[in-house]
Amino acid sequence: MYQVNNFTNNDDVSIIGSLGAFTVAEYKRDLSVDPETAITAYYASEMKARRRQLICDLSQSPVTISAGAMQWMIGDVSVSTGVKGAGDLIGKAIRGKASGESAIKPEYSGTGMLILEPTYRHLLLIDVAEWGNNIVLDDGLFLASYSSLQQHLVARSNLSSAVMGGEGLFNLSMQGYGALCLESPCPREELIEITLDNDVLKVDGNMAMAWSGSLQFTVERSTKSLIGSAASGEGLVNVYRGTGKVLMSPVAF
């Protein structure tokens, strides 16, 4: 039996989100400062550049996290690499290299509590069921998920255009039922959610953070001709085609 005090019940800590086994804690102020850093810390807090931590209640679900993200854990907690043999290790290594994510993502289970490292990035909690049980992530956003979610690589429909456009060839897809936590450079309040019904979205720049696995994602010229693309000044654009959703940042990140 354990008891944790002066953490989530600290008057300087707010709970700003929760979904299933996941809870997001935010520190209103950074009090671990000295006279040289106090001014910076004050204005950072005023602009909501604050430390945030993900709390995982393992009694609700085993979770898989990004390698190196664990800060502390308490109670009955078991950890494994999630690797099921040499073939699985090679597959995970290839998937990690291609998607820009850590190759090995440790899995935690039990009845205790797992707390991840604090970050100044924004923590977004997503129910994958709301994305048709299949969501595709841009590189480097994955922080944690239910271990029940399956991870797969998805390739661009036209790989040569992806190379020309400076995009990666593969993205990480999360499939199944469960919750997912992303580390976002933008707060939830600024994110744009677009729903497509057999339509097309074209984006000039790396602004889409996540999209439904049902969408076809390609990199194409902004117009049908090379001369037209050159004249418009746009060149290659990211294209999302079909029926599904796209979660987009207002600026490139």
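The largest pocket of this predicted model holds about 330 Å³ of space. Rolling a probe the size of a water molecule over the atoms shows where empty space is left.

The lining can be described both by the kinds of residue in it and by the elements that supply them. By class, the lining of the largest pocket is made up of 6 nonpolar, 3 polar and 6 charged residues. At least two lining residues come from each of strand 1 (13–19), strand 2 (22–27) and strand 9 (122–127), and the largest share, 4 residues, is the contribution of strand 9.

Strand 1 and strand 2, which each supply residues to that lining, also lead the reader into a sheet. Strands of a sheet pair through backbone hydrogen bonds, either parallel or antiparallel. Here, an open sheet of 5 strands is arranged in the order 1-2-3-8-5, and the pairing is antiparallel. Strand 1 and strand 5 (70–74) are the edge strands of this sheet, each of them pairing on one side only, while the twist from one strand to the next averages 20 degrees.

Strand 1 pairs with strand 2 in the antiparallel sense over 6 bridges, and Val13 stands opposite Tyr27 in strand 2.

Methods:
Residues are numbered from 1 along each chain as its sequence is written. This is a predicted model: local features need pLDDT of at least 70, side-chain atom pairs count only at pLDDT 80 or more; totals for chains, interfaces and linings use all residues. Side-chain values use heavy atoms; hydrogens and water are left out. On a 1 Å grid over the protein atoms alone, a cavity is a set of points where a 1.4 Å probe fits but cannot get out, and a pocket is an open set with protein on both sides within 12 Å along at least five of seven lines; lining residues have an atom within 4 Å of a point. Grid points are joined across faces, edges and corners, and a volume is the space filled by probe spheres set on the points. Ala, Val, Leu, Ile, Met, Phe, Trp, Tyr, Cys and Pro count as nonpolar, Asp, Glu, Lys and Arg as charged, and the others, Gly among them, as polar. Two strands pair if DSSP finds at least two bridges between them. Axes are lines fitted to C-alpha atoms, for helices over the stretch in contact, and angles run from 0 to 180 degrees between N-to-C directions.
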